[in-house]
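Subject: Structure handover

Hi,

Here is the structure I promised to pass on. Please have it open while you read, and my notes on what turned up follow below.

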Amino acid sequence: MEQWASWLVLVILLAMIELMTVNLATIWFVVSGIAALIISIFIDNYTIQFAVFVIGGVILLITTKPFLTKYLQSHKEKTNIDRIIGMTGKVTEKITKNENGAIKIDGKEWTAFADHTINKNEIAKVLEIKGVKVKVEKVKEEE
């Protein structure tokens, strides 16, 4: 097999992996693989081609990943479910550090977890949402 054909197969495989993962896993090496493919047409030295592939991919990874990650995270659509963060609710099932419990917030029951035990009927505040569960903390009673 010609060297350019090997690079083409590698680029296609890496692109397929990127499409399946959609989390910027191999995109930099797809680009550096295309560069190595182009170089393989003009230069018959596999060591140079491989160096372009590896060094180019690493440089692209280091220089562009922080920017792209920040850009993609800033464009996430927020849903109205985020509005329950900061709300308080009544614990309906005891929550311990090792076991999930339940809390009723805004008329809906949520599976809840916490860093400390919160007993049934105590009031807790939502700190964050992780998937279909909420992380809560006990609301301190005013003295």
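A word on burial to begin with: a residue is called buried under 20% relative accessible area, exposed over 50%, and partly exposed in between (1.4 Å probe, protein chains only). By that scale Phe 53 is buried, at a relative accessible area of 12%.

Please bear in mind that this is a predicted model, in which local features need pLDDT of at least 70 and side-chain atom pairs count only at pLDDT 80 or more, while totals for chains, interfaces and linings use all residues. Residues are numbered from 1 along each chain as its sequence is written, and side-chain values use heavy atoms, with hydrogens and water left out.

**Aromatic rings**

There are five aromatic pairs in the structure. Rings of Phe, Tyr and Trp (its six-membered ring) pair if their centres lie within 6.5 Å; planes under 30 degrees apart count as stacked, over 60 as edge-to-face and the rest as tilted. Phe 53 has a tilted pairing with Trp 7, with 5.3 Å from centre to centre and 50° between the planes. Trp 7 belongs to helix 1 (residues 3–21) and Phe 53 to helix 3 (residues 46–74), so their pair ties together parts 46 residues apart in sequence. Helices here are DSSP runs (H or I, at least four residues), as are strands (E, at least two), numbered from the N terminus. Trp 7 is buried too, with a relative accessible area of 4%.

Tyr 46 and Phe 50 make a stacked pair, because their ring centres are 6.1 Å apart and their planes lie at 25°. These two are four residues apart in helix 3, about one helical turn. Both are partly exposed: Tyr 46 has a relative accessible area of 44%, and Phe 50 has 42%. Ring pairs join Trp 7, Phe 29, Tyr 46, Phe 50 and Phe 53 into a cluster.

**Helix 1 against helix 2**

How do the axes of helix 1 and helix 2 (residues 27–42) cross? They come within 9 Å and cross at roughly 165°. Axes are lines fitted to C-alpha atoms, for helices over the stretch in contact, and angles run from 0 to 180 degrees between N-to-C directions. The two helices are therefore roughly antiparallel (angles over 145 degrees; under 35 is roughly parallel, 65 to 115 roughly perpendicular and the rest oblique).

The contact (heavy atoms within 4.5 Å) involves residues including Trp 7, Leu 8 and Val 11 of helix 1 and Phe 29, Ile 34 and Leu 37 of helix 2. Its residues divide into 13 nonpolar, three polar and one charged. Here Ala, Val, Leu, Ile, Met, Phe, Trp, Tyr, Cys and Pro count as nonpolar, Asp, Glu, Lys and Arg as charged, and the others, Gly among them, as polar. Ile 34 is partly exposed, at 39% relative accessibility. Its C-alpha atom is separated by 48 Å from that of Gly 86, 52 residues apart along the chain.

**Two backbone angles to look at**

Most residues other than glycine have a negative phi. Asp 106, although not a glycine, has a positive phi of about 55°. Asp 106 sits in the loop between strand 2 (101–105) and strand 3 (108–113) and is partly exposed at 39% relative accessibility. Asn 121 is not a glycine either, and has a positive phi of about 75°. The loop between strand 3 and strand 4 (123–130) holds Asn 121, which is partly exposed with a relative accessible area of 48%.

Best wishes
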